[in-house]
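Please open the model in a viewer and follow the selections below in order.

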Amino acid sequence: MSAIAAPSDTAGTASALRRLYFVRFVFAIVWALVMFTMAKEITPAGAVLLVLYPLFDVGAAVYDAKVSRNTGSPALLYVNVAVSLVTAVGLAVACASGIPAVLRVWGAWAVVAGLVQLIVAIPRRKMGGQWPMILSGGISVLAGGSFIASAGADDPALTSAVGYAIPGGIFFLLSALRLKRATQES
């Protein structure tokens, strides 16, 4: 009689997170490329895309909480869901007020979401692939502060906020690639 060993919770979680991180990488890059064409002013399409980004983050955090439930408490992921939902509403309102308001909301979101990402990634280090997430969380906090500060510039633009999605996407890609080792555990 033979038995096939089921993958460990960590390996299963790592595999699911790897898929999520690849999807987040593609979304961030495509979103940024499209948004760069609209970064000089807030158009209706640009406003929709600005609101879409934190809504995508909501979906990603819900999926993450679902697949990683067995490896730790998902409480901070649900905090991220709430923060991203509030951000989506805030961006919808801010888009009517102009680029400085959008930069302030985007910056506040980057700070809080970065802190959450950092705090979630630290205990996941043993799973592997989390150093890029730790770095990304820290950079997000700093970038958020710069977005808030740039809102007061003479001619504020969305390019820095849009550009923020590219390194974030690259960090997701790096994490996905580094998680491969954890997915091969039995």
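Colour the chain by pLDDT, the predictor's confidence in each residue from 0 to 100: the mean for the protein chain is 86, and 89% of its residues reach 70 or more. Select residues 1–7, where pLDDT is below 50 and the stretch has one contact (heavy atoms within 4.5 Å) beyond near neighbours in sequence. Where pLDDT is low, the predicted coordinates should not be read in detail.

This is a predicted model, in which local features need pLDDT of at least 70, side-chain atom pairs count only at pLDDT 80 or more, and totals for chains, interfaces and linings use all residues. Residues are numbered from 1 along each chain as its sequence is written, and side-chain values use heavy atoms, with hydrogens and water left out.

Next, select helix α2 (residues 44–67) and helix α3 (residues 75–97), whose axes come within 9 Å and cross at roughly 170°. The two helices are therefore roughly antiparallel (an angle over 145 degrees). Residues to display in their contact include L50, V58 and A65 of α2 and V81, L85 and L91 of α3.

Within α2, centre on D64. This residue is buried, with a relative accessible area of 7% (buried means under 20%, with a 1.4 Å probe and protein chains only). Leaving aside neighbours within four places in sequence, D64 is in contact with L17, L20, L77 and R124.

Finally, select helix α5 (residues 131–150), whose end C-alpha atoms are 28 Å apart, in agreement with the 28 Å that its 20 residues should span at 1.5 Å a residue. Among the buried residues of α5 are M133, I134, A143 and F147.

Methods: Axes fitted to C-alpha atoms, helices over the stretch in contact; angles between N-to-C directions. Helix = DSSP H or I, 4+ residues; strand = E, 2+ residues; numbered from the N terminus. Parallel < 35°, antiparallel > 145°, perpendicular 65-115°, else oblique. Expected span 1.5 Å × (residues − 1). Buried < 20%, exposed > 50% of the residue type's maximum accessible area, 1.4 Å probe, protein only.
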